[in-house]
Amino acid sequence: MKKFVILLLLLLTAAGSGCHTLPKEKTAAPPGTVPETWDDKADKAVSAMSARQKIGQLLMIGVSGSHLDEETRVMLKEYPFGNVILFDRNLKNPDQVRTLNQELKKTMKNTSGGLQPFVAIDQEGGYVRRMKNYLPAMPSARALGQTSPEQTKQWAVKTGGSLRNLGFTLNFAPVVDLNSAKNRSYGSTPQQVVPYAKAAIDGYSSVGLSTCLKHFPGIGKVQTDPHDDGDVVTLTREELNQEDGRPFRELISQTHPEYTYVMVSNVTFPQLDARQPACLSAAVMNTLLRGTYHYEGIILTDDMEMGAMAKHYAFSEMGVRAVESGADIVLVCHDYDHMKEVFDGLLSAYESGKIDKARVDEAVHRVVRTKLFLAEKEAGSF
C-alpha cells in the first residue's frame, strides 16, 4: 500500500509539472504559403509606382511659407516629391505647424502612391533650434556633453515628444562630428560623443521619432563652413577610422537602420576620394559607409543648395551623381526651380538609361521599405 501511494504521488507530480512545460500547440500556416517579408512588401509597392513617383521618393524638399499657397500646391501636384523638411520660415505657432504638416502629408501621400512623406526638421539644440518661442529650450550638444547621458536622453524625450505632437517624423540629429563649431558636438573624442549621441537617439526613438547621424564621415576639422563653400579634410583612412569616423561606426552597430539614418557631408576627403565631395562619392558611401561600416539604412545628402555644392555643380547633375554614387535621398531645401532641376535631371537620367535603373530602384526600395515598416509599427500592426 505504501509503495502504491508513493507511486501515485510521483505520477501526480509529473503530470502537474508537465502542464507548465509542454509548449502550446501552434496553428500551422496554410500549406504552400510563405510569410511576406518587408522586402516583398516594398517590391510590390515599388513595382506599382510610375517613374516620376520613384524619383520623388529620392528627394527631400523645403516649402516657402507657413501654409500651402497656390504655387506650392501646383508644384506638389506636378512633382510628386516624397519628403519634406521645414525651417523657421515655415513655423509660426503650434496650431499652424500641425495644420501645415497635416496638409503636406495628405498632399504628398496622394501623389506618391499612398506613401507618407518623411516630415523632417533640424532640432539639434543650442545654435540650431527652431521655434524658440514654443519648443523646449534644449541646450547645445556641447552643454549636454558636460552633464550626463541620462539628462541628454530626457531632453530628447521632451523635445521629440513636442516634435511628434506637431506632426514631424524625423529629426536631423544628433550631430556626431568631433569638436564641431558653434557647440554642435557633444565633445572632441569618440569616447565623449558616442554615449551622449546614443542617449539622444534612445530618447527620440522612445517617442517614435526617427533620427539621423551627421555629417558623415565627420566634419569637425573643416575650416570653411560648407554653407559658404567647399572644404577639404586630409585625414588618412586609418585616422578617420580611429577618430572622426569612429562615432558613426560604433553608433551604426548600436542602432536600428529603420529608425536611424546617416547624412553624408558635402566636404571632400582626398584620402578617400580626391575628385569629389563625400555626398557624390561611391568610395565614401558604398566602400566605407556600406562596406566597411556595414550600414544598411537610408543615406541622405546634406542640402545641395549650400555653397559647397551650388558653387561648383549644376543642379541637373547633382542628384544624378549623388544617387549614382550611393545616396538614397537628396536634399534641396529652398528654391523651387532648383528642386525641379534636380528632379528633372534624375528623371531624364533614369528614363534614358544614363543612370543605372537598378541603382535607382534599389534606393527607392530602401526608402519605401522603411516607410512601410514605420507605418505598420505606428499603426500597432506588429
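In this predicted model, Asp244 touches Leu178, Pro217, Gly218, Gly220, Lys221, Leu235 and Glu239, leaving out residues up to four places away in sequence. To find this residue, one can look at the loop that joins helix 9 (237–242) to helix 10 (246–254), where Asp244 lies. With a relative accessibility of 1%, Asp244 counts as buried, because the cut-off for that class is under 20%. One of the residues it touches, Lys221, also meets Asp244 through a polar contact between the two side chains, at 2.6 Å.

Ser185 sits in the loop between strand 4 (170–171) and helix 8 (190–206). Its relative accessibility is 0%, so Ser185 is likewise counted as buried. Once neighbours within four places in sequence are set aside, the contacts of Ser185 are Ala141, Arg142, Val175, Asp177, Leu178, Asn179 and Ser180.

Eight of them build an open sheet with parallel pairing, and reading across it gives the order 4-3-2-1-8-7-6-5. Strand 4 and strand 5 (211–216) are the edge strands, each pairing on one side only. In general, the strands of a sheet pair through backbone hydrogen bonds, in either a parallel or an antiparallel arrangement. Within this sheet, strand 6 (residues 260–264) and strand 7 (residues 299–303) are joined in the parallel sense by three bridges. For a closer look at strand 7, Thr301 is the bridge partner of Val264.

Helix 15 (residues 357–378) lies across strand 2 (83–86), strand 3 (118–121), strand 6 and strand 8 (329–332). Relative to strand 3, helix 15 runs at about 90°.

Helix 4 (residues 70–78) shows how burial can be arranged around a helix. Its buried residues are Thr72, Met75 and Leu76. Viewed down the helix axis, these residues fall within an arc of 95°, so they line one face of helix 4. Glu70 and Lys77, on the other side of the helix, are exposed. What do the buried residues of helix 4 pack against? Their partners are strand 1 (59–62), helix 5 (94–111) and helix 14 (336–352).

Note on methods. Residues numbered from 1 in each chain as written. Predicted model: local features only at pLDDT ≥ 70, side-chain atom pairs only at ≥ 80, totals over all residues. Heavy atoms only, no water. Buried < 20%, exposed > 50% of the residue type's maximum accessible area, 1.4 Å probe, protein only. Helix = DSSP H or I, 4+ residues; strand = E, 2+ residues; numbered from the N terminus. Arc of directions from axis to C-beta. Contact = heavy atoms within 4.5 Å. Polar contact = N/O pair within 3.5 Å; in protein donor to acceptor, adjacent residues only side chain to side chain. Pairing = 2+ DSSP bridges. Axes fitted to C-alpha atoms, helices over the stretch in contact; angles between N-to-C directions.
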